[in-house]
Amino acid sequence: MSETPVAFTEQDYAARMYRAAREAAAAGLAGLLVTPGPDLIWLCGYRPTAGTERLTLLVLTADSEPRLLVPALELPDAEAAPGAGALRMSAWQDGQDPYAAAAGLLRPHGHYGVSDATWALHLLGLQEALPLTTYRPLTTALPMLRAVKDAHEVARLAAAGAAADAAYQEILSIRFAGRRERDVAADLARSLLAHGHSQVDFTVVGSGPNGANPHHEAGDRIITVGDMVVLDFGGLKDGYGSDTTRTVHVGEPTDEERQVHEIVRAAQQAAFEAVHPDVPCQEIDRVARAVIEDAGYGEYFAHRTGHGIGVTTHEPPYLVAGEQRPLAPGMCFSIEPGVYLPDRFGVRIEDIVTCTEEGGRRLNTTPHEMAIVA
Ligand code: ZN
Ligand code: ZN
Ligand code: ZN
């Protein structure tokens, strides 16, 4: 079945931390402070198994080696992380003040980037220990830190995409009519896990009018013949994300349903063809939107065209009006235009695409034609 991916080495993690510290300095920051979550996993491979009310803090600065402060009882776990050899670790004991321990690693007047998901508990603790420090969220300070993937990361994203594609192919042969959305969603989740996902993040099954709500997940509605059904699903496989959408129809579609589906397909294709290094992110959104607007459905495409994907399923770069940063080789993102007709039906088609020197390469390769299901 699925192959074991190439393992990230201590050198890979050391290089990521070195680059992050350099980019932080270039952005005018004293350093980066990272607590458990996707940034910590990406930077040093460490994912604490315990809860996070005890402070774990990675400190990256341009003028010293990476430091990891951990609760003493979690030190063995931290030392087993694949990037541990590139870190200098220190531990704090229960009963000690972890923020005082962290303060010893920070500059009293420093302006730091802090990982987005850092608990308020910890950030407020740091601010109390060092009242003159200031902070910016990592996504604001260094939005593109994780955006460009190396070849091994792209390979993992491609494998996750292939697994999601296999799940889609399987779902086409199951019965839709007469079953609840949540039953089809459960089938999708099972299939993703069977194809090597460790975690399912979402399984949208939006049938009929529910498909017109882009945020609908899956509910008790019984799917019937004549329904359009939006299927949007993904999760993590070997630490990297999948996220794909196809819109299927139960039985024969109407001419209007076929037409709307074709407009969305054309928008997705045009946006894909616009992918090229140095093209601003917002241009991909503009191209997709222009196709839908020209067809008269502009007001029914109410969300951005895409988002980055990596160790999370939603991250920069965002393909949205106003995002002028350019695409670069190695960036991986969704292209997912849609049309949502209130109280009637919705259509969305989504592939993960990676930008190469030659243009876009799809990491989802199932057909875009509307599949007819039973
Ligand atoms: Zn229909
Ligand atoms: Zn999606
Ligand atoms: Zn998506």
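**Exercise 1.** Which residue bridges the zinc ion (ligand 3) and the zinc ion (ligand 2)?

*Solution.* This is a predicted model, in which local features need pLDDT of at least 70 and side-chain atom pairs count only at pLDDT 80 or more, while totals for chains, interfaces and linings use all residues. Residues are numbered from 1 along each chain as its sequence is written, chains are lettered from A and ligands numbered from 1 in the order in which they are written, and side-chain values use heavy atoms, with hydrogens and water left out.

The bridging residue is Asp 243, and the two zinc ions lie 3.0 Å apart. Asp 243 lies in the loop between β9 (240–241) and β10 (244–250) and His 307 in strand β11 (residues 306–308), so the pair ties together parts that are 64 residues apart in sequence; strands are DSSP runs of E with at least two residues, and helices are runs of H or I with at least four, numbered from the N terminus.

**Exercise 2.** State whether Asp 243 and His 307 are buried or exposed.

*Solution.* Buried means under 20% relative accessible area, exposed over 50%, and partly exposed in between (1.4 Å probe, protein chains only). Asp 243 has a relative accessible area of 2% and is buried, and His 307, at 1%, counts as buried too.

**Exercise 3.** Check the span of helix α9 (residues 255–273).

*Solution.* The expected span is 1.5 Å times one less than the number of residues. For the 19 residues of α9 this gives 27 Å, and the end C-alpha atoms are 27 Å apart, which agrees. Among the buried residues of α9 are Val 260, Ile 263, Val 264 and Ala 267.

Terms used:
Donors are N, O and S atoms within 2.8 Å of the metal (3.2 Å for Na, K and Ca); water is not among the atoms, so sites may look incomplete.
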